[in-house]
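Me: Hi, I've got a new structure to look at and could use a hand. Can we go through it together?
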Amino acid sequence: MIAVTRVKPYICTMPLKLDEGWNQIQLNLADFTKRAYGTNYVETLRVQVHANCRLRRIYFADRLYSEEELPPEFKLYLPMQQKA
């Protein structure tokens with residue numbers, strides 16, 4: 001099966017590959033809207049997440065924030081390595 005981006009009048013679907021373990025993903029909705037539909041992003045009406053993944057949080061922001069700017073509850077902490 002070939003994964004492709006599909007653009008229809010009211011929906012755009014695209015494949016997304018994740019690595020093992022936790023992933024942190026940022027999607028630029030304004031850029032996607034401009035590329036897919038040639039228009040400006042206005043609003044998100046629905047976010048659909050399939051049952052085969054676990055999420056910690058989904059949030060919308062006006063810009064991409066650095067790790068230092070994020071509040072502690074939005075940071076992704078990786079497990080510490082045990083010293084032998």
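Me: Before we get to any residue, what does "buried" mean here?
Reply: Buried means under 20% relative accessible area, exposed means over 50%, and partly exposed is in between. Keep in mind that this is a predicted model.

Me: OK, so is Thr 33 buried or exposed?
Reply: Thr 33 is buried, because its relative accessible area is 17% and the cut-off for buried is under 20%.

Me: Where is Thr 33, and what is it in contact with?
Reply: Thr 33 sits in helix α1. Setting aside neighbours within four places in sequence, Thr 33 is in contact with Gly 38, Thr 39, Asn 40 and Tyr 41. There's also a polar atom of the Thr 33 side chain that lies 2.7 Å from the backbone oxygen of Leu 29.

Me: How much of the protein is buried overall?
Reply: Buried residues make up 4% of the 84 residues. The protein exposes about 8700 Å², and carbon and sulfur atoms supply 54% of that.

Me: Let's zoom out. What secondary structure does the protein have?
Reply: It comes to one helix and two strands. Going along the sequence, the pattern is β-β-α.

Me: New topic: charges. How many salt bridges are there?
Reply: The count comes to three salt bridges. As background, side chains of opposite charge can pair when their charged atoms come close.

Me: Which residue pairs with Arg 35?
Reply: That's Asp 31, with the closest N and O atoms 3.1 Å apart. The two are four residues apart in helix α1, so about one helical turn separates Asp 31 from Arg 35.

Me: Are those two buried or exposed?
Reply: Asp 31 counts as partly exposed, because its relative accessibility is 30%. Arg 35 counts as exposed, at 67%.

Me: What does Lys 17 pair with?
Reply: The side chain of Lys 17 meets that of Asp 19 in a salt bridge, at 3.9 Å from N to O. Both of these residues are exposed.

Me: And which residue meets Arg 63?
Reply: Glu 69 does, with 2.8 Å from N to O in their salt bridge. Arg 63 is partly exposed at a relative accessible area of 41%, and Glu 69 is partly exposed too, at 43%.

Me: Last one: what does Val 47 touch?
Reply: Not counting residues up to four places away in sequence, Val 47 touches Ile 58 and Phe 60. Val 47 lies in the segment after α1 and counts as partly exposed at 48% relative accessibility.

Me: How many residues along the chain lie between the positions of Val 47 and Ile 58, and what separates their C-alpha atoms?
Reply: Val 47 and Ile 58 are 11 residues apart along the chain, and their C-alpha atoms are separated by 9.2 Å.

Notes: Residues are numbered from 1 along each chain as its sequence is written. This is a predicted model: local features need pLDDT of at least 70, side-chain atom pairs count only at pLDDT 80 or more; totals for chains, interfaces and linings use all residues. Side-chain values use heavy atoms; hydrogens and water are left out. A salt bridge is a side-chain nitrogen of Lys or Arg within 4 Å of a carboxyl oxygen of Asp or Glu. Buried means under 20% relative accessible area, exposed over 50%, partly exposed in between (1.4 Å probe, protein chains only). Contact means heavy atoms within 4.5 Å. Accessible areas come from the Shrake-Rupley method with a 1.4 Å probe; for residues, only the protein chains shown count as cover. A polar contact is a pair of N or O atoms within 3.5 Å; within protein, one must be able to donate a hydrogen and the other to accept it, and residues adjacent in sequence count only if both atoms are side-chain atoms.
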